[in-house]
Amino acid sequence: MSRCYQFAVLATVALSLSACKRETREFRPVPPAQNVLNTVQVSGLNPGANPVVPPPAPSVYQESAYAVSQGQTLYNQYNCVGCHANGGGGIGPPLMDNNWIYGSEPANVFATIMQGRPNGMPSFRNRIPEYQAWEIVAYVRSLSGLLPKDVAPARSDTMNIKPAPESMPRQTPTGITGATEQSK
Amino acid sequence: MERLRQRPVLDVSGLPTVVFGPANIIWLGNLFYMLIEGTMFALLIASYFYLRTRVDEWPPGVHPPYLWFGVINGILLIISFFPAWWVQRQAPTGDLSKVRLGLTVMVVFGVVCMVLRGYEFTALNVGWNSNAYGSIVWTLIGLHTAHLITEWVETVALLAVTFSPKMEGRKFADIGVNSDYWYFVVITAVLIDFVIYGTTRLL
Amino acid sequence: MAVSEPIAVAPVGAAERLEQTWRQPPGFWGWFKNTHHTAIGVRFMVTSFIFLILGGILAALMRFQLSRPENNLMGPDFYNQTFSMHGSTMIFLFAVPMMFQGFGVYVVPLMCGARNIAFPRLNAFSFYIYVGGGLLLWIGYLLNTGVDTGWFSYVTLSGPQFSPGKRVDFWAQMITFTEVSALGVAICIATTILRHRAPGMTLNRMPILLWEKLTISMAVIFAMPAVMVVSSMLLMDRTVGTHFFNPAEGGDVLLYQHLFWFFGHPEVYIIFLPGTAIVSTTVAVFARRHIFGYVPIVVSVVATGFLGFSVWVHHMFATGIPQISESFFTAASLMIVVPTAVQFYCWVTTIWRGKLQMKLPMLWIYGFFFVFLIGGLSGVMLASVPVDWQVHDTFFVVAHFHYVLIGGALFPMFAGLYFWIPKMMGRMMDDMLGKVHFWLFFVGFNLTFFTMHFLGLHGMPRRVYTYLPEMHWGTLNALSTSGVALMSLGVIVFIVNFFQSRASGELAGDNPWAAGSLDWATPSPPPSYNFLEPPTVNGREALWEALPNQPIVGGLRDDVREVLITHSLDAEPEYKEEDPGPSIWPFITSIVVGIVFVESIFTPWAIAWGAAPVGAALIAWMWPKGSRPLRRRVEEKWSV
Amino acid sequence: MIGVGPIAAALLIDPGAHSMFGGASTQASHIEWLYWLIFWICFVVYVLVIAAFTRAGARNYRGDPGMLPVLPKDEAGDRRAGWFVGTAVVVTILTLFFVLVETVITGKKVESATTSKNPVTINVIGHQWWWEVIYPNPQADQTVTTANEIHVPVGKPVVILTNSADVIHSFWPPNINGKRDLLPGYSSAFWFQVDKPGIYRGQCAEFCGLQHAHMGFSIIAESPEQFAQWQQNQVKPAGDPTDPEAQRGKQVFLTHACIMCHTVRGTDAGSRFGPDLTHLASRQMIAAETLPNTRGAVAGWIVDPQRIKPGTQMSPNPLAPDDLQAVITYLQTLQ
């Protein structure tokens, strides 16, 4: 009898390779560095001013399905949709293509959100806790297929106006990293 | 238990070992299997009409699927009823050549129907991921395609067996039962064609 | 058919030749080739009992978390996984596999007087695929991928947006695994009952247990497809972006509930009817009298099977459906009480007019009477719509269905185990330990679950990982938790009793209970060929009504695994089928199928490219192998 | 039936203000009556059946170690037993029919309110994991939006129009009526009429995710005058705080994460992600009736909500102590 179970465990051990990080759900992130948050900021619109030194991206947000789905919720609730639509772009540049004006690395996107960019991208420093920014970063990158398929969110319970990130083909990022270059 | 007692005996040594049709337990097993699959189709069709009650326009915002691939396919499947029936008639006679012929005809029908089915998929005018209507249509027709392929593979396998030296009586019985399942595939096909192509136009 | 004059039976060496012919393959790989129903049945029981213990451990964890307000033994994430796993394990991995598959596969062929179950390879396949489903769910849980949306996984909570990750997908595929298993066994058991009965066991002589197993098999065949359909829809919504349950695109959240409960309520009877089957069997044995009201009981059982499909909406009374349909489903839900009542009255009359012998199994049956009745009556309360509006989804309901399921399945299960374990392992269970087990479990159970009625009436909802101190629920919850210790202790006593009795219990002999059905007409444990002389039947209780010289079946070959197929109604011998014998292919196929299912969670295309190996395995399974076809070609006798 | 309530209540622990007994509304009272009716029927049935089984078992009980011989068939006995079973079944059916009739009648009574004219209409929208409460009004500026605390006038019919923003929730105020699921894509009307003034707690009854356990609400039944007064106060936008600390708190509120989710009418804060805070100070509890609305609780909630309700959408806000105090002072001014 017992031998059967040993055998079956071996047969399904493949599963154990493919879990863990994808399912981690971090509810109490380490509080963001005090100094970043407590500098009261008067205007939200100060592109480029006091640039954020992007900290190294905590990989957990890029690898946790929960974080990405939280990022999706925040992306809608914080009205990123207002300018970037559902990734198709509008006032702001589209996010589901392969063109990354300021770089496609998590740290670049994080900097874009936190310090803002010229031509209208406001700075959300102090407005958005860092861990939420990282979650939004993860979601934004999933829009152009830069995340593993089993982490990217599938279709959501909304009108069906864009392909699910999960089914996005992986794009090879172009565009030059760094704040000096401007968009067209 | 006292073994050497004298006891009357019901002698069954003379009974046959190869029987056809409902007498064979394979027939019963196959019947249960068809009941299971039939329930699945029934529930999916019920879901189709349930979803229809939830929207004003049906199909919602798209054209109904292109008619003719489906109709031709349905007609072909209905015609394929007859070779299946003929094989079922021939199996109990143990006439190997006739059975082979019949099975071959069924296999050919299967191929044609699967190709046509492929065209049906291209002409549904809706994606499975565009709305609930598309999802249920694709699921209905997809589930049936799965049955079509399964039944076709089974027929091919049986045809292959008829050429093996190990062909035996019980395989003839299997071939007879296989036709029952072919009928099932035909009937469900007609039903689903009516739901997908008919109800969208007629009601 | 003609019956010969009495002649000397059992020629010398017949037993040895049969043993050789029906030998169960030895060795490691032999274990996977074995297709004999006694072996597979025991495997189903052992495996599902292990899952019972695992599910029980989860229950204990939950009770400890709830034992006091604002307890932080576990957080909401882990608690949600735990209660969802508890429900899924108990329903899908314990209750049905034990009560239907386990007892059915082991007992039914013996009761039919058959040498093996019909389609033994499908039967074996069903076992492996069931184990696969269980391992899938539990390995997921251990990897923090346990389902966290409840055993019912309502959309939209279980949908792609609100359940990220693969937790729900694992659950949905586990459903497919276990339902395939239940369906396979249903086909085997129904066919066995209809075509493998001993000559003379006409339909109206069938033991009630066979009637129940037949009814349950049909219920499985019509109910399980619903849950396979709905879990597949959910999986497609989550993996390929279909919109079945997306309200924004014409999907519908109630469709899920309708389909799920169309399976979910018959499921309750699929779990409960095997219990009544055991009751009807044992009551007759221990009252030393034929069961009273054979026909009413059979009719009630079949009626329950049908009515079970007409009450599913009473799980949805709170969704705001029209009042007219509420009234209809209330009526249906109350109507389904009647068949059960009929059985209760028949049992009590049988006992009244018999000489009750309070052996261990009967003790548990009395436990069943006391406990299940409470669940049944609180069910009447729940069937009443306005009351249901109040107590629906509260701990009152938790109390109700634990009284129904533990009362209606677990108590009869222990009765059945104490009743048939002597047959399975040839030794009696220890009486003293059995009584200790019963009283610990009985008291602990009522302590744990009766208190929950009050909690529900005072507003404690289900599936909460904690509650505020101001709610005054702490005392009752603490009381409830304390009962868990007694129940667990009881189960430990049972396990000790089992191993001790297996080592040194007194020998059981063929028929320790002097019972009347055919499963007691063969040594304990039965040989691989079940019956040296396949019996014939002369009445409902075959052994009690056997003639002084009851004929036996002769003429089945002992050098070939021949089994006798009889007519489904009058059980007249019809032809001789050959048991396919041991094979490794069911196991290989289940492995291939399992891999494809699991892969399809991650890439839907797995279904496409996985079809090839599955098809190959199935063909290899049915392809004629070895020399037997050649022999049969020569010997076979056609009937046209 | 009257004496029944106290007897059973004695069996039970003090219900607190969250129980289907001691109903505060017509609906709850009807349901409670039906419950006790069925309860006592079931009670009698249970006693009878169990007595029968015990007697039947004890009657010819024999402690023999071995198994006794099987009793012979006995036609006459079978006939008598047949009569017994037949009668019992008939009685059962009649009882069930009685229950069915009573059920339908009570159901009608409970739903009878649906016919009443010009009720107080309230939209309740379930969110993970709080309740958005809207008193709609043709003029947008007369519409009241609040959260988790539902004020209703005593003695007037109230209709709750349910809806859900995400997953299925279930609206359940046990003292007032049964429960009604909030289904995405469906809206249903849920009627009741409170007779006794008071504060009645309710809770989400359909499993809705991580914080299902902490998704409470309150129904505050008050006299029509008080209700009207409350409503007048609620429609007002938030005034500008006078004392300097509150003003500073407002700045902090508008320049930190708060503004991303919350609305304070009369300021720039207009996001509808979280509860409307325009009149936060007028509520008795926060965090979906989980914490009292006190300085300390609010502070703890703002700084580390994930400790109190793991998984809640509210993000931790590690504000500097003085900022925190300022924000709280500001929130306290939102009467």
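Q: When do two residues count as in contact, and which chains do not touch?
A: Two residues are in contact if their C-beta atoms, placed from the backbone, lie within 7 Å. In this predicted model, chain B and chain D do not touch, and their nearest C-alpha atoms are 10 Å apart. Local features here need pLDDT of at least 70 and side-chain atom pairs count only at pLDDT 80 or more, whereas totals for chains, interfaces and linings use all residues. Residues are numbered from 1 along each chain as its sequence is written, while chains are lettered from A and ligands numbered from 1 in the order in which they are written.

Q: Which chains have the most contacts between them?
A: Among the 5 pairs of chains that touch, the most contacts are between chains C and D. That contact takes 79 residues from chain C and 76 residues from chain D.

Q: Which element of chain D gives the most to the side that touches chain C?
A: Helices (H or I, at least four residues) and strands (E, at least two) are DSSP runs, numbered from the N terminus. On the side of chain D that touches chain C, helix 3 of chain D gives the most, with 18 residues.

Q: How do the residues of that side of chain D divide?
A: Ala, Val, Leu, Ile, Met, Phe, Trp, Tyr, Cys and Pro count as nonpolar, Asp, Glu, Lys and Arg as charged, and the others, Gly among them, as polar. The side of chain D that touches chain C has 44 nonpolar, 20 polar and 12 charged residues.

Q: How many residues does the contact between chains C and A take?
A: The contact takes 31 residues from chain C and 30 residues from chain A. Helix 5 of chain C supplies the largest share of the side of chain C that touches chain A, 5 residues.
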